[in-house]
Amino acid sequence: MTFSPELEARFAKLLESYPPGRTRSAVVPMLLYAQDEVGHISNELIEEVARLCKVTPLQVDEVVGYYSMLHRKPLGKYHVQVCTNISCLLRGGEELYEHASKQLGIANKQVTADGQFSLEEVECIGACSWAPAVQINYDFHHLVTPEKLDALVAELRKAQ
Amino acid sequence: MLYNEPSPLEVKVVTKRFGMPNSHSLDAYLATDGFKAFFKAMQMTPEQIVEEVKISALRGRGGAGFPAGMKWSFVPRTSPKPKYVIINADESEPGTCKDRLLMENDPHQLIEGILIAGRAVDAHKGYIYIRGEYRYLIEHMDRAIAEAYGRGYLGKNIQGTGFDFDLYTHSGAGAYECGEETALLDSIEGKRGIPRMKPPFPAVVGAWQSPTLLNNVETLSAVPAIIRDGGAAFAALGTPKNGGTRMICLSGHINKPGVYELPVGFNLLRMIHEVGGGMRNGKKLKAVVPGGSSCPILKAEECDIPMDFDTLAKIKSMLGSGGTVILDEDTCMVRFALRIMKFYAHESCGWCIPCREGTTWLKRMLERFHSGMGQKSDIPMIGELSKNMLGRTFCALGDAAAMPTISIVEKFPEDFEAHLNGQPCPYAHAAEPVFA
């Protein structure tokens, strides 16, 4: 498996940033950056990261299983993450999540049939003073109301 | 740049550049006292720098509140192995959103703080561990780091002082546990983030088996001001043994949620009413989470207090991470306790059985209770199960799940009793389902 030249260059730089012989340290960032490009963590991706970091594929796989942002299956093109932790809860985060689930017609960690959207109820994303908050892919959306979420989703649907 | 309208009651030390045009650029930083502290630190001995930080009474802003100067002094002066500075930017304590603002609005202040820390402990490499959810900040910090390299504020022989320092970002990928310093070390070594047995402490055996200084973003962001204006001036802003200011992240049922920099020891009720604009919709205050979800909760009548580490400890809570969450009279405390436990059950790394099993059992019990299926005997059992986690785990996650739960059951028994005998939740949200 190969990545884009930009990502390969980024990986080379990443591997150099750790002390000599500590290439294993690059495993977590490498998986995240590779997932950003490829979409999800496949077996081939695990083998390539293992090769680059000079560890066994199993050592990479057990890491994938631990971190909640690393996904073995493809997500939607737009991954809608609704925070329902305490600060968002008090400002309607759970109701917002319920609304998103109804509007998209999918439950937690499911993907729409057309592959465009996936939904996840997430833990605190660090937007507590701007609650309730939603992250779509990596973009933060603050002070989200059900209406604002509908508008966001409609816009993304149009952009397809 | 993410920022809220400031309050006139703020004392701006670490946030003084927030709101300035291009506050994240090196030029804006240099134009406003930037790197003055670095040059001053280069004229000082490492011992003098550590002493100045001790005088400042700066305490760790990640949540534990450990005196920063003392932590710095634990790093052995001489070491056959290289030493490292690791910056904990894995901000994930529910209710906390300040390190995000510090990196976004003033990345060079953090870089300067890291350089001074490196000089103080004789480290020449640093890693900023940023949570994966803050992906844009990894790019943002990388740009700031590249700018600093380009202008000779990082790299070899910085500004002709003879001091070398290399700085990198490192990404997490979604794990609250990795904010715990020893789990963070495992994570940066490319493994699952699982806590280590202490001692040895990271200052002696840390990343890659080397002495490692680990500090929170806000802690290191305060260092330039301490060195520039003196530790005593910083200490004087707070209360004894609780130096300086703190970024307080106000959230919940108030009119003006936001992140405000206030002197340590600022009165909690004034925070709510004068800084935060009072309770939303004129409702009555019911409770406050003083500093992130791990902290035992305070009842409304306990809130007329100065917010410093020692006062909070005295009333059996914690100042924590600065995530101050305000709850009004319409909040169902069973639902609130359930949401907290759901979080810890999700984030328990599974290494220690009392935490792994305890959080899941408690989550299920609270779920059952909130749906009206609770029994009277469950109320003391929730407290008992929680107490069984206390002190029986490698890291503080088990305690962090137990402490707020114990406090909620003890302080709001009437909310639990109102759910007994199949009664539906008496609060307005009752029609809304609670998600498993």
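Leaving aside neighbours within four places in sequence, A:V60 is in contact with A:V27, A:I46, A:V49, A:A50 and A:V55, two residues being in contact if their C-beta atoms, placed from the backbone, lie within 7 Å. The model is predicted: local features need pLDDT of at least 70, side-chain atom pairs count only at pLDDT 80 or more, and totals for chains, interfaces and linings use all residues. Residues are numbered from 1 along each chain as its sequence is written, while chains are lettered from A and ligands numbered from 1 in the order in which they are written.

**A:V60 and its setting**

- A:V60 sits in helix α4 (residues 57–66) of chain A; helices (H or I, at least four residues) are DSSP runs, numbered from the N terminus.
- With 26 other C-beta atoms within 10 Å, A:V60 is buried (20 or more such atoms count as buried, 12 or fewer as exposed, and in between as partly exposed).
- A:L45 lies 15 residues from A:V60 along the chain, and their C-alpha atoms are separated by 9.8 Å.

**Domains of chain A**

- Chain A is divided into domain 1 (5–66) and domain 2 (78–159), with bounds from an automatic or database domain assignment.
- The centres of these two domains, taken over C-alpha atoms, are 29 Å apart.

**Helices α2 and α3 of chain A**

- Helix α2 (residues 27–38) and helix α3 (residues 43–53) of chain A pack at an angle of about 140°, with their axes 11 Å apart; axes are lines fitted to C-alpha atoms over the stretch in contact, and angles run from 0 to 180 degrees between N-to-C directions.
- That angle makes α2(A) oblique to α3(A) (under 35 degrees is roughly parallel, over 145 roughly antiparallel, 65 to 115 roughly perpendicular, and the rest oblique).
- The crossing of α2(A) and α3(A) is right-handed, meaning that the near helix is turned clockwise from the far one by less than a right angle, whereas anticlockwise is left-handed.
- On α2(A), residues A:V27, A:M30, A:L31, A:A34 and A:V38 meet A:L45, A:V49, A:L52 and A:C53 of α3(A).
- By class, this contact of α2(A) with α3(A) has nine nonpolar, no polar and no charged residues (Ala, Val, Leu, Ile, Met, Phe, Trp, Tyr, Cys and Pro count as nonpolar, Asp, Glu, Lys and Arg as charged, and the others, Gly among them, as polar).

**Helices α15 and α16 of chain B**

- In chain B, helix α15 (residues 378–387) packs with helix α16 (residues 397–411) at about 155°, their axes 9 Å apart, and the two are therefore roughly antiparallel.
- The crossing of α15(B) and α16(B) is left-handed.
- From α15(B) the contact takes B:I379, B:I382, B:G383, B:S386 and B:K387, and from α16(B) B:A402, B:T405, B:I406, B:V409 and B:E410.
- The contact of α15(B) with α16(B) has five nonpolar, three polar and two charged residues.
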